[in-house]
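Subject: Structure handover

Hello,

Here is the structure for your files. My notes on it follow below.

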Amino acid sequence: SEADALLREEPDDPFFLELKGQILLESGRPTEAVAPLREAVQKSDSPLIAAMLGHALIATEKRENFAEAKQVLKAAVNRDNQNPFAWYQLGIIYDREGDQSRAALATAERSNLEGDPKLALASAEMALRGIPRGTPDYLRAQDIAMVSKTELRKDKRYRDREDREKKGARARGR
């Protein structure tokens with residue numbers, strides 16, 4: 001009722017529309033949340049609002065909403081690629097589409113942002129196995145893998161394991 005009162009005063013305010021959508025979404029009513037969030041996205045260029053709309057579309061669990069969710073979430077991460085939540089939601093869409101490689105890339109992006117180089121590396125390497133070489137997604141997965149390896153090399157346990165693996169590979173090669 002508070003959000004509706006705000007919207008009566010300022011019906012075109014995207015942040016009041018977002019508030020109403022968020023309240024509905026968090027109240028377990030994602031289908032009802034879509035309309036105010038969609039309107040908020042149309043009236044604002046906020047990638048955070050777009051990520052919430054993508055989340056609401058996914059939360060409806062209606063396959064017919066997934067294409068719009070993908071479009072909205074891709075636009076959101078293109079405007080703000082530092083939002084782990086948007087990457088998480090985009091990964092859900094890729095997973096539901098059966099695109100495990102891009103789902104892994106989205107997980108790598110999220111893990112990289114959240115400071116989890118081990119998961120970022122594993123996810124980036126999984127993405128590299130299924131994404132065509134030379135594509136922008138492939139190059140991005142390579143970048144995340146390199147950054148993650150560099151970060152992990154600062155960790156003594158990782159360096160020790162890497163050294164053991166190299167010695168084992170040399171021993172097997174003899």
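The largest pocket in this predicted model has a volume of about 300 Å³. Its lining is made up of 13 residues, and those closest to the pocket centre are Val77, Asn78, Trp87, Glu109 and Asp137.

Four helices each supply at least two residues of that lining: α5 (66-79), α6 (84-97), α7 and α9 (136-153). The biggest share comes from α7, which gives four residues. By residue class, the lining of the largest pocket holds six nonpolar, five charged and two polar residues.

On confidence, the average pLDDT of the protein is 92, and 95% of the residues score at least 70. Helix α7, covering residues 100-113, has the highest mean pLDDT among the elements, at 98. The lowest mean belongs to helix α10 (residues 156-173), at 72. The helix that gives the most to the pocket lining is therefore also the element with the highest mean pLDDT.

Is Ser111 buried or exposed? Its relative accessibility is 1%, and the cut-off for buried is under 20%, so Ser111 counts as buried. Beyond its neighbours within four places in sequence, Ser111 is in contact with Asp116, Leu119 and Ala120.

Regards

Notes:
Residues are numbered from 1 along each chain as its sequence is written. This is a predicted model: local features need pLDDT of at least 70, side-chain atom pairs count only at pLDDT 80 or more; totals for chains, interfaces and linings use all residues. Side-chain values use heavy atoms; hydrogens and water are left out. pLDDT is the predictor's confidence in each residue, from 0 to 100. On a 1 Å grid over the protein atoms alone, a cavity is a set of points where a 1.4 Å probe fits but cannot get out, and a pocket is an open set with protein on both sides within 12 Å along at least five of seven lines; lining residues have an atom within 4 Å of a point. Grid points are joined across faces, edges and corners, and a volume is the space filled by probe spheres set on the points. Ala, Val, Leu, Ile, Met, Phe, Trp, Tyr, Cys and Pro count as nonpolar, Asp, Glu, Lys and Arg as charged, and the others, Gly among them, as polar. Buried means under 20% relative accessible area, exposed over 50%, partly exposed in between (1.4 Å probe, protein chains only). Contact means heavy atoms within 4.5 Å.
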